[in-house]
Amino acid sequence: MGKRNKQFVEKITAMEEDFAQWYTDVVKQANLVDYGPVRGTMIIKPDGFAIWERIRDELDRQIKATGHSNVSFPLFIPESLLQKEKDHVEGFAPEVAWVTHGGENELSERLVVRPTSEALFCEYYSKNIHSYRDLPMLYNQWSNVVRWEKTTRPFLRSLEFLWQEGHTAHATYEEAAEETAKMLNVYTDVLENYLAIPVLRGRKTEKEKFAGADYTLTIESLMHDGKALQSGTSHHFGSGFAQAFDITYLDENGESQFVHQTSWGVTTRLLGALIMVHGDNRGLVLPPKIAPTQAIIIPIAQHKEGVLDKAYSLRDQVKNLVRIEMDASDKSPGWKFNECEMKGIPVRIEMGPKDIEKNQVVLVRRDTGEKEFVALQDLESRLPILMEEIQENLFKRALLHREQKTAIATNMDEFKQILAENPGFIKAMWCGDIHCEEKIKEETQATSRCIPFEQEKIADTCICCGNEAKEMVYWAKAY
Ligand SMILES: [Zn+2]
């Protein structure tokens, strides 16, 4: 590392040294967020928001392609409405923000700033669903929600965050089950094929499921430090909310039936996942499919005659193939290299007088640092392929990392040893009793992440109590 690295790299704590500080440094140095004036709130800056927009746009496309319509529901929920479903209110009460006054006047009923919008959608459905012909009702909204968290971190846990929440109503339990699985598949596709983040897929335990749900499906990913991140959830409500909110329809025989509902969501947490799965000690590393800028041209010795002209014509040559930018500012090339590395731009294109003489450019990959010389006439075919190679490499690298950090435990000593020596996902058998789950958390701080769809029989007995095991569970310490 030469002199040019100093100014930037010194601002980032090495992840091996202090992962939490590394994360905070990257978030700040890559210009993604700033802190809001209220503790735990965040300002998502242009570079951060551009990434969120890329995620949002792809997800929105898939949500619409699966038959859903976008809507916008209110920010406030009357207290009485939130209280209609008992488990739901119990689950969210500790972290809701209350509105008690309108101007100078105390309100006759307190309002909740939505922590999630089930109550609002249920109220609407109870008034607007009458017949089987009204079903299914397939709604989604892009919005902000507020949860009064005690400890906060940008993207991972904040008082207010952005998300999408899907809310659907169906005639039968089976149709709602199909919907719940379908949306988990959409999330899996976006995470694995766009964000290059491999996920574990499964069901949450009763303890970890959404408050008021029949069951919750989840995708779980592993961060670089061996901690898990719940990355998207899809809930089947059965007819629990329908009974609490009296959402009924007349079936084909004219008989009154309760609807069956789902809800599903992903949040700006995904930006945290991107940072912690792919990032390194030089900053962000973005997968090409999600990177707002896929390649950046950096002219070398741009004061020399013809260099800038050539760089601009290069930009025009590839602008329809990749999302390209050029940095023709008067900062030094070294400074520009560091900056585009910090931002995670997948490919840097260098072009100087010598390259122009040889009719070539230099491509530098952000993920591996590898350099290659490419003739100008080959650039149009090479660039898109290089993007695919980087996308694929990031996924493979993350998958390998997860595999290296996934272990099997058959007793509690092994379980604790793994967490101490090589933390990550731990596969262990479980009897299904919540007491064992709670005991494991108490002793190790690891929580059940999911009961995977792909089951393996590791042992006959529960790792905690020794009774007959029901299922294999993935455990981990989590964000
Ligand atoms: Zn047990």
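Visitor: How many helices and strands does the protein chain have?

Guide: Helices (H or I, at least four residues) and strands (E, at least two) are DSSP runs, numbered from the N terminus. Here the protein chain has 15 helices and 23 strands. Keep in mind that this is a predicted model, where local features need pLDDT of at least 70 and side-chain atom pairs count only at pLDDT 80 or more, while totals for chains, interfaces and linings use all residues. Residues are numbered from 1 along each chain as its sequence is written.

Visitor: And which domains is the protein chain divided into?

Guide: Domain bounds come from an automatic or database domain assignment. In this case they give domain 1 (18-278), domain 2 (295-386) and domain 3 (406-476). Taken over C-alpha atoms, the centres of domain 1 and domain 2 are 41 Å apart.

Visitor: What radius of gyration does the protein chain have?

Guide: The radius is taken over C-alpha atoms, and the globule rule is 2.2 Å times the number of residues to the power 0.38. For 479 residues a compact globule would come out near 23 Å, and the protein chain has 25 Å, which agrees. Its C-alpha trace spans about 80 × 55 × 50 Å along the principal axes.

Visitor: Is strand 11 mostly covered or uncovered?

Guide: A residue is buried if 20 or more other C-beta atoms lie within 10 Å of its own, exposed if 12 or fewer, and partly exposed in between, with C-beta atoms placed from the backbone. Strand 11 (residues 228-238) is mostly covered, as ten of its eleven residues are buried. Over the protein chain, buried residues make up 42% of the 479.

Visitor: Which way does strand 10 run relative to strand 11, antiparallel or parallel?

Guide: Two strands pair if DSSP finds at least two bridges between them. Strand 10 (residues 215-222) runs antiparallel to strand 11, with eight bridges joining them. Across that pairing, Thr216 stands opposite His235. Five residues sit between the strands of this hairpin, and Gly226 takes a positive phi near 90° there. Strand 11 also pairs with strand 14 (residues 260-267), again in the antiparallel sense, over five bridges. In that pair Ser234 stands opposite Trp264.
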